[in-house]
Amino acid sequence: MSHPQPVTIDRIATPHPLDPLTGEEIAAARAVLESAGLLGETVRVPMLLPDEPTKQELATWKPGAPIDRRIDATLLDTATGTATEVIVSITRGEVLRNERVPNDAPPYGQPQYLFEEYGRAEEIVKASPEWQAAMTRRGLAEHMELAFCGPLAPGYTGRADEVGRRVIRSLTFLKYDENDSPWAHPVEGLVVHIDLTAGSVIRIDDEGDVPVPAGHGNYYSEVQGAARTTLKPIEITQPEGPSFAVTGSLVEWENWSMRVSFNAREGLVLHDVAFDGRSVLSRASVPEMVVPYGDTAPGRFWISYFDAGEYLLGKNANHLELGCDCLGVIRYLDGYVADDHGNPVRIPNVVCMHEEDYGILWKHTDLAGRSDVRRSRRFVISYFSTIGNYDYGFYWNFSLDGSIEVVAKATGVVFAGAGEPGVRQKHATELAPGVFAPVHQHLFCARLDVAIDGDENRLFEIDAQRIPMGPENPFGNAFTWSETQLRTELEAQREADTSVARAWEVQSTTRTNHVGRPTAYHLIPEPTALLMADPSSSVAARATFATKHLWATQHEHGQNWPAGRYPNAHQGGSGLPEYSAGDRSLDGEDIVLWHTFGLTHFPRPEDWPIMPVDYAGFWFKPNGFLDQNPAMDVPASSQAHGSAATGCCGGADSCTCGH
């Protein structure tokens, strides 16, 4: 590799090494790439991320000291399909590494899609004589101009005419006017397979003559009718302002502190999460999700979208709006990502932070009739991303009792095909006449780089345990719990079990609480089906992370992606299977937990024309991390001693609930 002269750039203020990339830094990185001759006319930037400092770099850094700010970029020559990975030092203005991606041989794998490729795919489809003939044969020639040709990640089929090529598939949907929702009018059985590098159609599948559903799927108020008038306003006010403070990327709320970051792939990332000054998490994010479909139809059997690894959750994030996406006294953070050419793009208000009431924190009425109550509130950090027809919200909820709840919200428009109205299908539900939505899953993977009172941790599986009736349980009522240490990476590939209230405990090896037990946190899963596809299927090979609820690995810098860096058109086996293959020790080590959670969606008519939010998530709760309830000093509600007009204490004449 040649070594070009460093680019002279203006010094960019970086108050902390974990601050997210700024627009100026992205522009500076692009200048370095251009100076090095790496951004030719046909070269694009599918992915640009911060190359985060190692833990060793962070350990030696002192406030105010300089640190090498770097970016990690994937470059794609759209003329040849050649991809390269580049590390750029923004601080020094030079390229540190430039390596070709070996994506033309097993296990293959393609860089993330460019925004410009979506429009290009539609142009290729509509210019295709085969597609035009298929539309004409179906009597749809008059709809070709307004038709929407959806650009869809191809999965991995192993077809000889696809492997090693930059493939995208396209399904056709009709629009009857410019504002019409195309998802309601699928052209069933028409699939166009495209080579984006060659700019040509590989082949077209044209099977069946199912009529295109004619009913609209529009959800706009102009179509759905006047809004109801019965809901009275709910006003959320904080006259003295919010209780949290934001200084750069540092966010502090009550006993919590953390650094909030954002990047093009993972979206929201949290660093250095601490409670009462004690470390809980080094880094936390939801870096991957897979949406596999359970339909055998030609237009859907291959669908298994990786919305982070193929499309980039952060790059597709929403500009949030007060009163719509977030309610109350809000603090927003902007995010910066790179466009297809490596130029900075600002996403305003991409991260929302606010407090919200969360019901009762703790309460007791004693024998004398005195009632003590404290109201709970939580601190919420969130963002939303739209990938095609679906919209996903990611929420990190921090509680006064030291707990963290992670919630993923799924909404948007369900993906549909067409069928004969009234004819029951095995793999899909009829939502509207002729509109069938296939069964599918939304399986997320959270990555928690745990640091319970430091990086030296160990991992246990905790199960409720019955005791057989006998000398140890003479009345049959007794039960206890078991603690099984998960000592290595292979031992830590586990499934949840709600029948025994299974949780996973991360213990400190260096600190104990006041009763002599190791300080600890519990990962508490919620009921989630794992990947329903057959273990020998292509999607199971590509999304192996979704075959277990828990994985745990020893921390290694750069191991961030549950399904690998390039799941697009990848044969499988990357990511967590590779990370854990060495079966490293988890006893007293720096541990990373990977937790699969999500939704198995059997669509219903109530999901049409737009799906009400569905929820999935998990809890990360202190278990012996603290010596008592940390919320004992929370004051009574400011509304606790109001009148009946306030609604306090259920509308009693006077309120004594605060005491």
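This is a predicted model: local features need pLDDT of at least 70, side-chain atom pairs count only at pLDDT 80 or more; totals for chains, interfaces and linings use all residues.
How many residues stand between β10 and β11 in their hairpin, and which residue in the turn has a positive phi? Two residues stand between them, and G248 in the turn has a positive phi of about 65°.

Residues are numbered from 1 along each chain as its sequence is written, and side-chain values use heavy atoms, with hydrogens and water left out.

**View 1. Strand β11 pairs with β10 and with β12.**
Strands are DSSP runs of E, at least two residues long, and helices are runs of H or I with at least four residues; both are numbered from the N terminus. Two strands pair if DSSP finds at least two bridges between them. β10 (residues 244–247) and β11 are antiparallel over four bridges. F244 has W253 of β11 as its bridge partner. β11 and β12 (residues 256–263) are also antiparallel, over four bridges. Here L250 has R259 of β12 as its bridge partner. β11 and β12 form a hairpin with two residues between them. E254 in that turn has a positive phi of about 50°.

**View 2. An open sheet runs in the order β21-β23-β22.**
Three strands form this sheet, and the pairing is antiparallel. β21 (417–418) and β22 (428–432) stand at the edges, each with a single partner strand, so one side of each is left without a neighbour in the sheet. β22 and β23 (residues 435–438) pair over four bridges. E430 has F436 of β23 as its bridge partner.

**View 3. S285 makes a side-chain polar contact with E266.**
S285 sits in strand β14 (residues 278–292). Its relative accessibility is 0%, so S285 counts as buried. Buried means under 20% relative accessible area, exposed over 50%, and partly exposed in between (1.4 Å probe, protein chains only). The side chains of S285 and E266 are joined at 2.7 Å. A polar contact is a pair of N or O atoms within 3.5 Å; within protein, one must be able to donate a hydrogen and the other to accept it, and residues adjacent in sequence count only if both atoms are side-chain atoms. Neighbours within four places in sequence aside, S285 is in contact (heavy atoms within 4.5 Å) with E266, L268, V269, W396, C445, A446 and R447.

**View 4. Y579 lies in helix α7.**
The helix covers residues 576–579. Y579 counts as buried because its relative accessibility is 10%. Not counting residues up to four places away in sequence, Y579 touches E489, T553, G558, Q559, N560, W561, R584 and W594. R138 is 441 residues from Y579 along the chain, and their C-alpha atoms are separated by 49 Å.

**View 5. D51 and R70 form a salt bridge.**
A salt bridge is a side-chain nitrogen of Lys or Arg within 4 Å of a carboxyl oxygen of Asp or Glu. By this rule the count comes to 51. In the pair shown, the closest N and O atoms of D51 and R70 are 2.7 Å apart. The pair links distant parts of the chain, 19 residues apart: D51 is in the loop between β1 (43–50) and α2 (55–60), and R70 is in strand β2 (residues 70–77). D51 is buried, with a relative accessible area of 18%. R70 is buried as well, at 12%.

**View 6. E162 and R169 meet in a salt bridge.**
The N to O distance is 2.6 Å. E162 counts as buried at 7% relative accessibility. R169 counts as buried at 0%.

**View 7. E355 and R377 form a salt bridge.**
The closest N and O atoms are 3.0 Å apart. This pair links distant parts of the chain: E355 in strand β17 (residues 344–365) and R377 in strand β18 (residues 371–387), 22 residues apart. E355 counts as buried at 4% relative accessibility. R377 is partly exposed, with a relative accessible area of 35%.
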